[in-house]
Amino acid sequence: MRELTRAQLVALFALASDLEAGRRRPARALQGIVVLTAFFEPSTRTRLSFESAAHRLGAAVISMPDGRVSSVHKGESLADTGVMLNSYADIVVLRHPADTSLDEIRATRLNIPLINGGNGCGEHPTQAMADWYALLKRRTELRRTDLPPEQRISLGVIGTPRRMRALRSFLLMGALHFPHVLRDVTVVSEDPRPLDAELEAALRGASLPAVCTPELQRHVSRFDVVYQNSLTLVGNEYEVFDAAFRIDGDTPLKPGALVMHPLARLDELGTDLDHTSHNLYFDQAEGAVFVRQALLLAVAGRLDRE
Ligand code: CP
């Protein structure tokens, strides 16, 4: 999250928008590039949207969709795996259940670009890029850097950001790069300390008032944006947290409020919102292909190719 500046994110979003609108069609820009998706955890959206993005740019794609079919399952270290990947690919997208996986795979001599597709409870930065892209696309006035305070959004985060990487990265990207969009942050969680030290420091650094509470009903009707999740990794297993905080058609949402979710959803998000204007979660998933195309072009150093 800290490797990109706000200006770089805005430039990537502008490119993603051009790609989405068909103003740019660089169908062969990544010709000769091999993109490897190495996923040691289940995924639908992240892996497939990266692979779709790579194919749409003319890259070749090789995939390890399940860590159990790699030699890591036989005991090989991620560091040794990283050395091998240098010879087989030009860009790696890694998802792994360990927070430390990025450091481990880079530990020896991985010398090709590495994109984090989600590391344990750590970060999911390309999800946050897709999320902020979707939000700024739907609420175009939020792109202004001189947004008056009364137009800024009250953000409700439902879940436990310190254990849920998509929530964590959305909040971190907001505090670090888009604080002028936010008026205040309310974290609704079963956990009495749902934020970690890094998140607390980022919110403090952005002078954003933040409240943590277990009371959804008391706060929900003043949120302009609700970002929700319930799945989290504990070790190698998924557990459900905060699922009692259900958002559905009976929730007294503010008119115009947007509901965001990284998906996959369980019972915490009602399908009866799918066909309402509150639904931003499908936009998040759909726009991810264009955001990931823009990122791959930037990482490959081929932004100027048609
Ligand atoms: N949002 C997200 O990371 O979804 P997947 O787990 O399906 O990739």
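**Reading the features of the model**

Guide: In helix 6, the buried residues are Arg165, Ala166, Leu167, Arg168, Ser169, Phe170, Leu171, Leu172, Met173, Gly174, Ala175 and His177. Helix 6 is thus mostly covered, with 12 of its 13 residues buried. Please note that this is a predicted model.

Visitor: How many residues does helix 6 have, and what distance does it reach from its first C-alpha to its last?

Guide: Helix 6 covers residues 165-177, which makes 13 residues, and it reaches 17 Å between those two atoms.

Visitor: Is helix 5 mostly covered or mostly open?

Guide: A general point comes first. An α-helix has 3.6 residues a turn, so residues three or four places apart point the same way. In the present case, helix 5 is mostly covered, 12 of its 14 residues being buried. Among them are Pro125, Asp131, Trp132, Tyr133 and Leu135.

Visitor: Which residues have the most contacts inside the largest nonpolar core?

Guide: They are Trp132, Leu135, Leu155 and Leu296, in a core of 64 residues. Domain 1 (6-123 + 286-300) and domain 2 (125-285) both contribute residues to this core, so it lies between them. A further core, apart from this one, has 15 residues, including Leu216, Phe223, Leu269 and Leu273.

Visitor: With which residues is leucine 135 in contact, leaving aside its neighbours within four places in sequence?

Guide: Leucine 135 is in contact with Leu142, Ile153, Phe170, Val225, Leu258, Met260 and Leu280.

Visitor: How far apart are the centres of domain 1 and domain 2?

Guide: Taken over C-alpha atoms, the centres are separated by 25 Å. The contact takes 30 residues from domain 1 and 33 residues from domain 2.

Visitor: How many helices and strands does the protein have, and why may it be called compact?

Guide: The protein has 9 helices and 11 strands. Its radius of gyration is 19 Å, close to the 19 Å that the globule rule gives for 306 residues, so the protein is as compact as a globular protein of that length. Along the principal axes, its C-alpha atoms fill a box of roughly 55 × 45 × 40 Å. Of the 306 residues, 55% count as buried. Among contacts between residues at least 6 apart in sequence, 74% join residues at least 24 apart.

Visitor: Let us turn to charged side chains. How many salt bridges are there?

Guide: The count comes to 19 salt bridges. In one of them, the side chains of aspartate 66 and arginine 68 meet at 3.0 Å, N to O. Aspartate 66 is partly exposed, with a relative accessible area of 25%, whereas arginine 68 counts as exposed at 59%.

Visitor: Is arginine 139 buried or exposed?

Guide: Arginine 139 has a relative accessible area of 19%, so it is buried, the cut-off being under 20%. Its side chain meets that of glutamate 141 in a salt bridge of 2.6 Å, N to O. Glutamate 141 is partly exposed, at 26%.

Visitor: What separates the closest N and O atoms of glutamate 215 and arginine 218?

Guide: They are 3.1 Å apart in a salt bridge. Salt bridges that share partners also join Arg2, Arg168, Asp196 and Glu198 into one network.

Visitor: Where is leucine 263 placed?

Guide: Leucine 263 is in the loop between strand 11 and helix 9. Leucine 263 has a positive phi of about 60° and counts as buried at 18% relative accessibility. The peptide bond from leucine 263 to alanine 264 is cis, with omega near 15°.

Note on methods: Residues numbered from 1 in each chain as written. Predicted model: local features only at pLDDT ≥ 70, side-chain atom pairs only at ≥ 80, totals over all residues. Heavy atoms only, no water. Buried < 20%, exposed > 50% of the residue type's maximum accessible area, 1.4 Å probe, protein only. Helix = DSSP H or I, 4+ residues; strand = E, 2+ residues; numbered from the N terminus. Salt bridge = Lys/Arg side-chain N within 4 Å of Asp/Glu carboxyl O. Core = buried A, V, L, I, M, F, W, Y, C linked by side-chain atoms within 4.5 Å. Domains from an automatic or database assignment. Contact = heavy atoms within 4.5 Å. Rg over C-alpha atoms; globule rule 2.2 N^0.38 Å. Expected span 1.5 Å × (residues − 1).
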